Amino acid sequence: MFDNVKSTLSKAIKSRILILILVLIVLAFILVQRLFQLQIINGESYQTDFTMQIKRTRELKSTRGNILDSDGNPLAYNRLSYSVTFADSGSYNSTKEQNLTLNSSMYGILKILEDNGDEVSTSSFAIGLDDNGSYYFTKSSFNLQRFKADIYGRLTIDDMSDEEKNATAEKMIEEMCAAKKFGLDLSSYDKADLEAYGLPDSFTKEEILKLAAMRSAVASNSYQKYVTSTLATDVSEKTMSLIMENKDLYPGVDIEEDSIRVYEDSKYFAPLIGYTGQISAEEMESLNADGGNYKNGDIVGKSGLEQHFEKELQGEKGSQTVYVDNMGKVVDEEAEVNPEAGSNIQLTINRDLQKTAYD
């Protein structure tokens, strides 16, 4: 009797163990199949979805309106040009690696520009180099203090220390050359590092100034890597083709369409028409307080009719929605809102009569 019960229990236990083993085998098969599907079949898709989680909006420039005479002849208009831009989307293990990488790219781009007669855009960089080889400030008052605040990474001018507010041009360049900033003092690197990144033993003062301007332009978008920084404007076709051919050597560099303001018969109309230029800190504060939507790098009227009709001529910026990965690199783009060109301004002045009167 007891043996029969024992035998029955043994069979039941074995049966349950067998069922459990079968269940585990089925679960293992399902798990392996699921992993295969996730990693092999849909792995790339899931990876792409993961890197497209950050949604950002970037601005698209508008085209400035034309200024015409009474007969519709253009006195001020726009000409298509090309600019060299840069977006730092690299991933670095240290400040040293970042500086070596970016300085290598900036130096290579600088050489392409200079070899083809083009120049780095330094209009927003408030430091120049005089004939005696000394650095000096090209701006003053509010614009200079705003520049210093940007370089020192301060949100407002009041956030700067007294030492930062009173820093000389030479002192600021020295700080920008330091290893903890832009690392433009190449004596802090060994020869192997310089050779590996294609850098010379040292930079000239003029090269330091231009590289500092380039690095500061890129640094201003360090938290918005999907936004490009302009390094040079109205470049030659030779520069444009060389940049495009060497994009793999300088990751982040690109060529973008831009426009240059052209003044027809400027000899006769310059005092009346005025001119445009990159917006200053004071102008940006004033225009935005009056309902504008201006940012650093925007082009505005500086004098004459260009300044008087700024609102009409400026137009409306467009926008484009982009998806960026965790490093800020653009991985996809959505449909854009096209910018609206500024309005044309037609004057009562006749071009031919004005020229005759002038002569």
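## Ground rules

Axes here are lines fitted to C-alpha atoms, for helices over the stretch in contact, and angles run from 0 to 180 degrees between N-to-C directions. Helices (H or I, at least four residues) and strands (E, at least two) are DSSP runs, numbered from the N terminus.

This is a predicted model, where local features need pLDDT of at least 70 and side-chain atom pairs count only at pLDDT 80 or more, while totals for chains, interfaces and linings use all residues. Residues are numbered from 1 along each chain as its sequence is written, and side-chain values use heavy atoms, with hydrogens and water left out.

## The big picture

The protein has 14 helices and 12 strands. Of its 359 residues, 36% are buried (under 20% relative accessible area, 1.4 Å probe, protein chains only).

## How α3 meets α9

Helix α3 (residues 95–115) and helix α9 (residues 237–245) have axes that come within 9 Å and cross at roughly 155°. That makes α3 roughly antiparallel to α9 (the label for angles over 145 degrees).

On the α3 side, the contact (heavy atoms within 4.5 Å) uses Ile109, Ile112 and Leu113; α9 brings Thr239, Leu242 and Ile243. By class, this contact of α3 with α9 has 5 nonpolar, 1 polar and no charged residues.

## A look at α3 itself

After α3 comes Gly117, with a positive phi near 75°.

How values were computed
Parallel < 35°, antiparallel > 145°, perpendicular 65-115°, else oblique. Nonpolar A, V, L, I, M, F, W, Y, C, P; charged D, E, K, R; others polar. Buried < 20%, exposed > 50% of the residue type's maximum accessible area, 1.4 Å probe, protein only.
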